Amino acid sequence: MNGPHDLGGQMGFGPIAPDPAEPKFHADWERRALGITLAAGTMGAWNIDESRHTRESLHPALYYNASYYEIWIRALEKLLERHGFVSADEIEAGHKVWKGVVPKRVLKAGDVAETLARGGPCDRAVLTAPKFKPGDRVRTINEHPTGHTRLPRYARGKTGVVEAWREGYVFPDTNAHGNGENPQHVYTVTFEGRELWGKKSDPALTVSIDAWESYLEHV
Amino acid sequence: MGHDHSHDHDHDNELDPFAARVRALETILTQKGLIDPAAIDAIVDTYEHKVGPRNGARVVARAWCDPKFADWLKRDATEAIASLGYTGRQGEHMQAVFNTEDTHNLIVCTLCSCYPWTVLGVPPTWYKAPAFRSQAVIDPRGVLAEFGLKLPEATRIRVWDSTAELRYMVVPARPAETDGLGEDELARLVTRDSMIGTGLPLRPGSLDPRALWPVAGAPDALEPKP
């Protein structure tokens with residue numbers, strides 16, 4: 001979707017203002033927000049793509065005003081509601097009111113290290129041969145789906161070169177919506193700065209994205 | 001909420017309405033048996049104290065010292081990094097990108113904040129914020145200047161937008177005058193920002209606040225101030 005999250009090339013957000021002494025967490029609630037979000041994710045009710053889509057579906061005014069962990073928590077509340085674990089009136093009340101759905105699993109403290117070390121690999125076998133090979137010139141599709149996609153707006157309808165074939169990865173555009181993993185080949189595609197940003201672009205700039213096969217056409 | 005604590009710190013904690021909201025959510029989830037508060041503590045402890053940019057610094061220093069490891073890292077970063085014990089969430093599929101004399105690499109995720117947690121820890125706020133995510137792909141030279149990094153105009157800038165599940169780390173070039181240094185000493189020169197591409201490694205002998213491996217006895221500048 002063309003949501004507030006799709007930031008590449010937008011302007012006006014001001015300086016980056018890096019702080020070398022920045023603490024890892026600015027407040028204790030950020031620690032809890034990280035922990036709760038990761039733990040709830042291990043219940044297995046939603047995947048990372050649905051989670052990302054829920055965050056990017058927040059209203060733009062909210063998204064741009066929220067700190068990152070605030071975005072996480074607001075999306076987590078929606079995910080918990082959507083999957084029947086927590087209801088809106090419970091969030092309003094601040095305590096349990098209903099029993100709710102029973103999850104497949106609950107992460108225990110003793111399993112944290114192993115669970116985090118395992119992660120969630122998304123490589124899957126793809127039964128078709130790759131359509132593209134390194135060196136191929138390709139054009140990205142120019143489509144504007146209302147659902148989740150990982151093809152950023154600035155890189156749509158652009159011509160680039162396949163630099164590398166990656167493995168088959170779960171396809172986020174369907175996986176985010178409960179429509180299956182449908183793995184596809186993924187390619188690293190490089191674009192010259194001028195192709196993306198016009199003739200005034202830095203001539204020494206190259207930008208790459210990792211593109212699922214259905215995002216690409218032969219030129 | 002009690003208001004009897006000292007007022008020497010920022011009010012970003014007990015009195016913040018959003019802190020109350022997160023606490024309420026944790027309470028509901030705990031009451032329903034959906035989370036184990038001790039598991040939350042363990043997750044936080046992992047990312048606060050165990051996983052961080054020192055992992056990445058170790059990878060870079062090894063690559064500087066051992067050409068075979070560097071070659072493995074180029075060919076299969078996931079396996080090479082896993083051989084040092086760094087595996088897991090947001091590091092399942094890794095690619096190491098090497099700076100050269102004529103190319104400088106910069107990592108961003110314009111769509112969210114994809115970041116190689118297993119080698120760099122949790123991302124800094126600026127990495128997740130709109131200013132960096134918007135600008136990095138259209139004006140990376142301007143971004144680098146904000147970080148105090150001025151590259152020659154002829155240096156090619158290669159930006160990697162992490163749009164899939166591949167997580168990138170930059171392997172900066174080994175600084176000059178480091179011939180006599182061992183792996184531990186070299187690791188001290190590798191900063192987090194140099195592995196994102198917004199910085200370069202420190203010079204030998206530097207006691208920069210960005211140092212990830214301060215020398216014994218020196219205060220750890222990356223720890224929050226009391």
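Start by selecting Asp41(B) and Arg32(A): their side chains form a salt bridge, with N and O 2.7 Å apart. Keep in mind that you're looking at a predicted model.

Now select helix 1 of chain A, residues 28-41. On the side of chain A that touches chain B, this helix is the top contributor, giving 11 residues. Colour that whole side by class and you'll get 54 nonpolar, 16 polar and 24 charged residues.

Next, bring up both chains and look for more pairs like the one you began with. How many salt bridges are there between chain A and chain B? The count is 9. Switch to polar contacts, and 39 residue pairs turn up across the interface of chain A and chain B, with both partners at pLDDT 80 or more.

Zoom out to take in the whole contact. Chain A brings 94 residues to it and chain B brings 82.

Last stop: the cysteines. Select Cys122(A), which is buried at 9% relative accessibility. Which cysteine sulfur is closest to the sulfur of Cys122(A)? That would be the one in Cys114(B), but the two sulfurs are 10 Å apart, so they're too far from each other for a bond. Then click on Cys65(B), which is partly exposed, with 34% relative accessibility.

Note on methods. Residues numbered from 1 in each chain as written. Chains lettered and ligands numbered in written order. Predicted model: local features only at pLDDT ≥ 70, side-chain atom pairs only at ≥ 80, totals over all residues. Heavy atoms only, no water. Disulfide = S-S within 2.5 Å. Buried < 20%, exposed > 50% of the residue type's maximum accessible area, 1.4 Å probe, protein only. Contact = heavy atoms within 4.5 Å. Salt bridge = Lys/Arg side-chain N within 4 Å of Asp/Glu carboxyl O. Polar contact = N/O pair within 3.5 Å; in protein donor to acceptor, adjacent residues only side chain to side chain. Helix = DSSP H or I, 4+ residues; strand = E, 2+ residues; numbered from the N terminus. Nonpolar A, V, L, I, M, F, W, Y, C, P; charged D, E, K, R; others polar.
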